[in-house]
Amino acid sequence: MKQHGTLTKDNHAALWHGRFEEGPDAEAVDFETSIHVDERMALDDIKGSIAHATMLSKVGLISKDEEKQIVEGLKSIENDLNSGKLAIDYSAEDIHSFIEATLTDRVGEPGKKVHTGRSRNDQIALDERLYLKRFIPELQASIVTLIDALSSIAKNHTEDLIPGFTHMQHAQPVTLSQHLCAWAFMLTRDHGRLSDALKRIDYSPIGSCALAGSGLPLDRRFEADLLGFANVTQNSLDSVSDRDYCIETVSALSLCQMHLSRFCEEIVLWATTEFGFIDLSEKWSTGSSIMPQKKNPDFAELIRGRTGKVYGDLIALLTMMKALPLAYDRDMQEDKESLFDACDTVLSCIRVFTHMISTAKWNTQRMESLCDGGFLNATDVADYLVCKGLPFRTAHGVSARLVRLSIDKNCKLEDLSFEEYKEASPLFEKDIFEKITPKASAMARKTTGGPSVETVKVQIAELENFVKNN
């Protein structure tokens with residue numbers, strides 16, 4: 001059982017401890033520390049501190065020799081963390097405290113100067129932005145890989161029919177290729193939203209200090225350039241209290257996860273005996289502990305289920321920031337858990353979905369069989385009459401009456417006699433039966449974005465070009 005009391009001098013001292021005569025209660029320290037969450041930003045913190053030391057030397061606040069010692073000390077910490085030689089000390093308050101304390105242990109007095117002209121407020125904001133600047137491209141690369149997988153599958157199914165649905169009712173015949181392209185184009189928008197978020201992340205807050213900037217001759221632009229930022233933030237109060245970049249990123253992640261959830265809902269349905277459209281690989285399925293025949297789409301279900309986590313992360317961030325006064329408030333420490341959880345969840349879900357869909361087999365014969373019947377060609381009957389000059393609303397009514405007749409006769413539209421068509425409208429000719437086959441229906445739709453072979457090939461080419469350029 002954890003013992004309460006005050007921290008001893010042997011514990012890691014907080015950076016702010018100098019004003020206090022009493023050490024903090026151990027339970028209080030445990031409650032307020034964040035190192036278990038923010039440790040993943042260790043390398044970002046080191047990168048920021050190296051740039052900060054270089055800037056301090058440039059403006060004369062530390063000597064060149066001190067800069068050298070600080071930079072070498074920080075690089076040694078980076079190397080030791082990467083190699084596993086150095087372990088994170090979880091008694092430290094946060095990753096920033098751990099890096100600074102470790103640096104001071106290694107280089108002595110110069111290590112105490114690394115925090116000159118900055119606060120943890122702007123340091124935290126900097127580390128988060130640096131982290132997102134390297135995470136988002138990694139996530140985007142995984143999105144591109146999934147788009148590439150979907151377009152490759154689509155390329156093999158340009159003529160394979162599948163029922164198109166609205167309201168989960170049979171609507172019109174489309175192609176499997178078009179359906180997969182629809183998924184892929186959703187992902188291109190997710191990629192774009194993340195690129196937009198990066199534009200606003202790409203501002204350096206360092207040098208804003210606690211809230212009011214600094215009276216020291218800091219060169220914020222020089223430091224931002226060293227770190228690869230496009231610009232610096234323009235208001236120090238806003239710089240340290242802004243978490244829009246976290247919320248915007250998680251908002252984009254939520255949309256991406258929503259798309260994955262929609263894909264997975266269809267996978268779950270298509271894997272049922274009733275649909276039988278898709279056969280998931282045994283490597284990406286699970287069985288039952290009691291029913292030996294089961295082959296469950298658990299990975300699709302887990303992706304679908306984890307969408308709630310990402311939505312929760314977004315709501316947590318929005319609620320955390322609600323009504324916070326300027327500038328920094330400790331509430332904002334809670335941003336990292338939600339941000340990192342959303343990042344981890346979406347990245348893992350994209351990678352798993354890519355494996356799952358790439359190894360699946362498609363029952364194209366079953367798909368096409370369900371395009372035959374169900375009146376998926378009713379619109380084509382109306383379109384036929386429109387091409388003969390009949391107003392669409394009138395043609396719609398004629399087609400609807402023929403559907404009603406087919407229902408009454410328990411047959412398909414194509415099973416009605418030519419005389420019955422002629423009775424419905426004198427504009428019908430015998431070629432009507434050629435125009436309303438499932439294949440003819442899908443291939444006739446050649447408008448941009450449609451399911452015909454020609455239009456789908458254009459979509460695939462656009463997706464391939466997207467992959468090539470990203």
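**View 1. Helices α4 and α5 cross in the predicted model.** The axes of α4 (residues 64-83) and α5 (residues 95-107) come within 9 Å and cross at roughly 115 degrees. The crossing is right-handed. From α4, the contact draws on Gln69, Ile70, Gly73, Leu74, Ser76, Ile77, Asp80 and Leu81. From α5 come Phe98, Ile99, Thr102, Leu103, Arg106 and Val107. By class, eight of the contact residues are nonpolar, four polar and two charged.

**View 2. Helices α10 and α12 cross with left-handed geometry.** Their axes come within 10 Å, at a crossing angle of roughly 30 degrees. Angles under 35 degrees count as roughly parallel, so α10 and α12 are roughly parallel to each other. Residues of α10 in the contact include Cys246, Val250, Leu253, Leu260 and Ile267. Those of α12 include Asp335, Leu339, Val346, Phe353 and Ile357. The contact has 17 nonpolar, three polar and one charged residues.

**View 3. The largest nonpolar core has 72 residues.** Leu139, Trp183, Phe353, Ile357 and Trp362 have the most contacts inside this core. Six helices each supply at least two of its residues: α6 (120-155), α7 (176-201), α10 (244-270), α11 (298-321), α12 (335-358) and α19 (453-469). A second, separate core has 23 residues, among them Ala42, Met55, Ile62 and Leu86.

**View 4. Surroundings of Trp362, one of the core residues with the most contacts.** Neighbours within four places in sequence are left aside here.

Notes: Residues are numbered from 1 along each chain as its sequence is written. This is a predicted model: local features need pLDDT of at least 70, side-chain atom pairs count only at pLDDT 80 or more; totals for chains, interfaces and linings use all residues. Side-chain values use heavy atoms; hydrogens and water are left out. A nonpolar core is a set of buried Ala, Val, Leu, Ile, Met, Phe, Trp, Tyr and Cys residues joined through side-chain atoms within 4.5 Å. Buried means under 20% relative accessible area, exposed over 50%, partly exposed in between (1.4 Å probe, protein chains only). Helices (H or I, at least four residues) and strands (E, at least two) are DSSP runs, numbered from the N terminus. Contact means heavy atoms within 4.5 Å. Axes are lines fitted to C-alpha atoms, for helices over the stretch in contact, and angles run from 0 to 180 degrees between N-to-C directions. Angles under 35 degrees count as roughly parallel, over 145 as roughly antiparallel, 65 to 115 as roughly perpendicular and the rest as oblique. A crossing is left-handed if the near helix is turned anticlockwise from the far one by less than a right angle, and right-handed if clockwise. Ala, Val, Leu, Ile, Met, Phe, Trp, Tyr, Cys and Pro count as nonpolar, Asp, Glu, Lys and Arg as charged, and the others, Gly among them, as polar.
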